Amino acid sequence: MTQSNRAGFAASGRATTMEALGSLLARMTTAQGLEKGLTLSLGSTDVVISPYGKSGTTWLLQMAHTLRSRGDMDFDDISRVVRWIESSTDLGLDLESEQTAQPRLFKSHLDEHRIPKGGRYIISCRDPRDAAYSMYKFMEGWFLEPGTVTADDFVRATFLQPGNAPGSSGGDYWTHLASWWSRRNDPDVLFMAYEHMNKDPVGTIYKVAALMDIELDDELLAITKEQASLAFMQQHKDRFDDKLMRDRSIAVAGLSADSDSSKVRTGQVGESHRQLSAQVVADLDAMWQRRITSELGFEDYTAMIEALE
């Protein structure tokens with residue numbers, strides 16, 4: 001019996017239920033591949049970009065790679081030149097092999113508790129409501145058959161069920177945020193808010209360059225402003241659209257090659273309020289109170305990122 005004939009899957013191989021989505025995602029990363037990543041040896045100049053999913057990761061990857069290479073675009077997938085700690089081994093890439101430029105860059109979505117130690121870390125947080133909705137739109141059309149799972153049901157089964165969010169390697173938004181917040185003032189950590197990055201992209205470039213120990217001259221600033229812009233990344237979106245992971249999803253998860261899910265979207269702030277029901281937004285706010293207010297004292301996300309300023 002083929003996957004498309006089983007309950008929970010469309011003819012495209014994409015999931016039509018959250019249970020089926022979980023089974024597809026489970027095939028993407030092996031325990032051996034993940035363990036290889038978790039034991040990665042980092043040097044003091046290595047930089048790991050590790051926001052939670054859909055919180056500015058790809059934007060920061062492109063920014064950092066542009067800074068270290070002065071604008072190199074000779075790659076088919078950003079994950080080929082910035083190795084993904086959790087997934088590179090399963091993608092056939094050697095985490096320890098020589099990179100195209102220095103310092104070494106790595107991608108991750110791991111919380112502070114589990115990430116390999118010894119390097120430098122760039123973290124961006126994002127309003128959980130926007131991150132949750134963005135994750136839904138990313139999955140829809142790739143792993144999820146469009147129109148079969150609502151945004152509300154997706155968020156209830158992921159962000160409102162800690163430890164169950166897709167693409168998190170077993171972690172959850174709330175643990176990730178609290179763990180990195182505790183390191184925000186450490187000299188080897190750059191902790192930023194996605195919303196602040198949107199307001200001040202040039203200031204963000206300066207902060208990232210400083211963490212990487214890269215001297216930012218006028219020419220390099222101009223290159224990075226252009227190549228880390230939304231317009232540029234949309235123009236070259238094939239480089240940022242997880243080609244390696246999409247090829248793997250066809251090979252090991254049996255998905256159709258006609259994916260129409262795009263990773264480089266508009267990056268809007270507050271989009272979730274127009275797309276999620278009032279009840280799900282209220283439930284996310286209640287989860288914030290239970291997980292973040294109780295531990296860190298901030299009444300809501302806005303209060304938290306105001307403390308960064």
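This is a predicted model: local features need pLDDT of at least 70, side-chain atom pairs count only at pLDDT 80 or more; totals for chains, interfaces and linings use all residues.
Two strands pair if DSSP finds at least two bridges between them.

**Entry 1**

I began with the strand order. Five strands make up an open sheet, and I read the order as β2-β3-β1-β4-β5, with parallel pairing. I then looked for the edges and found β2 (83–84) and β5 there, each pairing on one side only.

**Entry 2: the neighbours of β4**

Next I followed β4 (residues 120–125). How many bridges join β1 to β4? I found three, and the two strands run parallel. β1 covers residues 47–49. Going through this pairing by residue, I noted R120 as the bridge partner of V47, and V48 standing opposite Y121.

I then turned to β5, residues 189–193. β4 pairs with β5 over five bridges, again in the parallel sense. Here I picked out I123, which stands opposite F191 in β5.

**Entry 3: is β4 buried or exposed?**

I checked β4 against the cut-off for buried, which is under 20% relative accessible area. Six of the six residues in β4 are buried, so the strand is largely enclosed by the rest of the structure. I also sorted the residues by direction: R120, I122 and S124 point one way, while Y121, I123 and C125 point the other way. Both sets are buried, and I was pleased to see R120 listed with them.

I looked for a helix over this part of the sheet as well. Helix α15 (residues 301–308) lies across β4 and β5, and I noted its angle to β5 as about 130°.

**Entry 4: α3 against α10**

Last, a helix pair. Two packed helices are described by the angle between their axes and the distance between the axes. For α3 (residues 57–69) and α10 (residues 218–227), I wrote down an angle of about 150° and axes 9 Å apart. Angles over 145 degrees count as roughly antiparallel, and α3 and α10 are therefore roughly antiparallel to each other. The crossing of α3 past α10 is right-handed.

Which residues of α3 and α10 meet? From α3 I listed Q62, M63, T66 and L67, and from α10 L220, I223, T224 and Q227. Sorted by type, the contact has four nonpolar residues, four polar and no charged.

Notes
Residues are numbered from 1 along each chain as its sequence is written. Side-chain values use heavy atoms; hydrogens and water are left out. Axes are lines fitted to C-alpha atoms, for helices over the stretch in contact, and angles run from 0 to 180 degrees between N-to-C directions. Helices (H or I, at least four residues) and strands (E, at least two) are DSSP runs, numbered from the N terminus. Angles under 35 degrees count as roughly parallel, over 145 as roughly antiparallel, 65 to 115 as roughly perpendicular and the rest as oblique. A crossing is left-handed if the near helix is turned anticlockwise from the far one by less than a right angle, and right-handed if clockwise. Contact means heavy atoms within 4.5 Å. Ala, Val, Leu, Ile, Met, Phe, Trp, Tyr, Cys and Pro count as nonpolar, Asp, Glu, Lys and Arg as charged, and the others, Gly among them, as polar. Buried means under 20% relative accessible area, exposed over 50%, partly exposed in between (1.4 Å probe, protein chains only).
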